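Reader: I would like to learn how to read a model like this one. Please show me the features one at a time.

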Amino acid sequence: MMRITFVHPSIGRKPGTNYMRSWQMEPLPIALLAGVTPGDVETAFYDDRMEAIDYDRPTDLVAIPVETYTARRAYQIASEFRRRGVAVVMGGFHATLAPDEVACHAEAVVTGEAELTWPQVIDDARHGRLQKFYRSDAQPDMGLIRYDRRLFTGKRYLPVRLVETSRGCRFPCEFCAIQTFFERTARHRPIGDILADLDPSDRSARFHFFVDDNFAADMDFAGQLADAIAPLNLRWVTQMSINAAHDEAFLARLKKAGCVGVLIGFESLDAGVLRSMRKTFNTMKGGFSVALANLRRHGIRVYGTFVFGYGAYRPEMFLEAAEFAIEHRFYIAAFNHLTPFPGTPLYKRLETEGRLLHEAWWLDPAYRYNDLPFRPDGAAPDDIRRGCLDARRHFYSWPSIARRLVDPVNRADSMMLRAFLPINAMHRSELDKRDRFPLGDPAWQGQFLQAA
């Protein structure tokens with residue numbers, strides 16, 4: 001019988017801290033791969049964020065999904081297995097954005113979506129004929145998506161069921177890797193398949209998170225899906241573009257279906273910056289204030305995100321964004337620096353302009369989480385890092401938490417109210433722990449084993 005080991009890599013390690021966590025969400029890419037793995041294959045799974053990896057457990061093939069922030073750690077893990085003579089296959093976003101780099105650390109690389117190519121990878125591995133690259137010539141039918149969550153049994157993930165209803169986004173945001181990976185397309189799964197993944201009786205899935213890149217990429221479909229979900233009496237959150245918040249009939253359908261919150265990328269309060277991001281749709285129909293008023297009217301909480309590093313530097317822009325989020329009583333918020341991911345229009349522009357500080361920041365041992373990997377306009381890179389930290393500290397200060405806690409919308413749902421203090425306290429406690437967090441494990445003594 002063939003044996004495959006799946007590994008979900010962490011971002012890295014910080015010396016002197018316990019990296020093992022029990023509040024992580026289940027890694028959906030692993031469930032997707034397991035769902036298209038033939039039934040006669042014996043599988044094992046290690047989540048590097050939560051447990052030690054047994055490199056000596058017998059296995060024939062190791063599969064590692066790679067994101068840009070986890071690439072360095074993924075290559076360390078791969079090297080340990082390959083020293084033991086085990087073949088490694090890598091896929092995921094980073095493998096598609098930087099396939100030649102990933103190919104240096106694996107026997108095989110899967111680029112693009114894996115549903116069609118993964119069975120071929122397994123068959124080739126069985127017969128000792130792994131190819132270097134696998135890529136489907138077409139986007140797979142979304143009806144092929146199947147999850148197998150049995151590998152998660154016994155692992156202490158948060159009681160949140162992650163579900164994918166669609167893939168992609170048609171908006172051309174310059175910094176976004178989603179539009180590059182999916183080539184600005186948007187597709188969705190059959191509604192019947194989605195409903196089959198929603199089990200209201202499952203105690204391990206008391207809450208659902210639709211992890212779509214943009215739940216509202218196809219608003220007609222999203223509305224139909226919401227209508228189909230409504231009788232299930234679920235509570236759920238999702239991610240969507242702000243243009244959907246200007247359609248009150250759509251918001252009413254979301255609310256009726258059990259939507260209690262949405263993640264929205266506000267990115268900047270400066271219309272000029274939004275233009276440079278190619279995100280002018282954020283300013284449509286009266287802009288943020290109108291959209292937020294609509295969301296409040298329908299009792300939908302907001303997780304707002306902001307990005308800094310575009311355009312001219314202003315020291316006050318960080319606290320302006322934090323005050324905006326407090327004023328509008330965001331449930332939670334994120335204040336992050338701009339990140340140039342390989343393969344995106346932003347990365348190519350900064351590279352052409354000679355503003356990148358690292359050839360590959362995600363591999364440079366000197367790079368740390370929260371560092372800005374390029375030269376911003378009118379400021380030092382560390383000015384952006386410290387400004388983001390200041391915004392987070394202000395938003396997650398106890399007076400801000402108290403002010404947002406008593407907000408009628410944030411208090412309106414009993415489950416969301418009970419979760420408010422733990423979630424905000426957790427973000428507060430993580431403010432400095434993740435600052436300048438190393439990518440990969442600095443204590444790792446090996447050398448990257450280069451592929452032939």
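**Cavities, a helix face and buried residues**

Author: Start with a lining: Ser166, Ala186, Arg187, His188, Phe215, Ala217, Asp218 and Phe221 line the second largest cavity. This is a predicted model, where local features need pLDDT of at least 70, side-chain atom pairs count only at pLDDT 80 or more, and totals for chains, interfaces and linings use all residues. Residues are numbered from 1 along each chain as its sequence is written, and side-chain values use heavy atoms, with hydrogens and water left out.

Reader: What is a cavity?

Author: Rolling a probe the size of a water molecule over the atoms shows where empty space is left. On a 1 Å grid over the protein atoms alone, a cavity is a set of points where a 1.4 Å probe fits but cannot get out; lining residues have an atom within 4 Å of a point.

Reader: Which strand gives the most to the lining of the second largest cavity?

Author: Strand β9, residues 186-188, with three residues. Helices (H or I, at least four residues) and strands (E, at least two) are DSSP runs, numbered from the N terminus. By class, this lining has four nonpolar, two polar and two charged residues. Ala, Val, Leu, Ile, Met, Phe, Trp, Tyr, Cys and Pro count as nonpolar; Asp, Glu, Lys and Arg count as charged; the others, Gly among them, count as polar.

Reader: Which elements each supply at least two residues to the lining of the largest cavity?

Author: α11 (287-297), β13 (301-308) and α16 (408-411). The largest share, three residues, comes from α11. The lining of the largest cavity includes Leu292, Arg296, Val302 and Asn410. Its classes are six nonpolar, two polar and four charged.

Reader: Now a helix. Which residues of α13 are buried?

Author: An α-helix has 3.6 residues a turn, so residues three or four places apart point the same way. Buried means under 20% relative accessible area, exposed over 50%, partly exposed in between (1.4 Å probe, protein chains only). In α13 (345-352), the buried residues are Leu346, Tyr347 and Leu350. Seen down the axis, they fall within an arc of 100°, so they line one face of the helix. The arc is that of the directions from the helix axis to the C-beta atoms. Gly354 follows α13, with a positive phi near 70°.

Reader: Is Ser268 buried or exposed?

Author: Buried, at a relative accessible area of 10%. Ser268 sits in the loop between β12 (259-267) and α10 (271-276). A polar atom of its side chain lies 3.0 Å from the backbone nitrogen of Asp270.

Reader: Which side chains make a polar contact with the side chain of Arg49?

Author: A polar contact is a pair of N or O atoms within 3.5 Å; within protein, one must be able to donate a hydrogen and the other to accept it, and residues adjacent in sequence count only if both atoms are side-chain atoms. The Arg49 side chain makes one with that of Gln24 (3.2 Å). Another is with the side chain of Asp47 (2.7 Å). Arg49 counts as buried, at 15% relative accessibility.

Conventions:
On a 1 Å grid over the protein atoms alone, a cavity is a set of points where a 1.4 Å probe fits but cannot get out, and a pocket is an open set with protein on both sides within 12 Å along at least five of seven lines; lining residues have an atom within 4 Å of a point.
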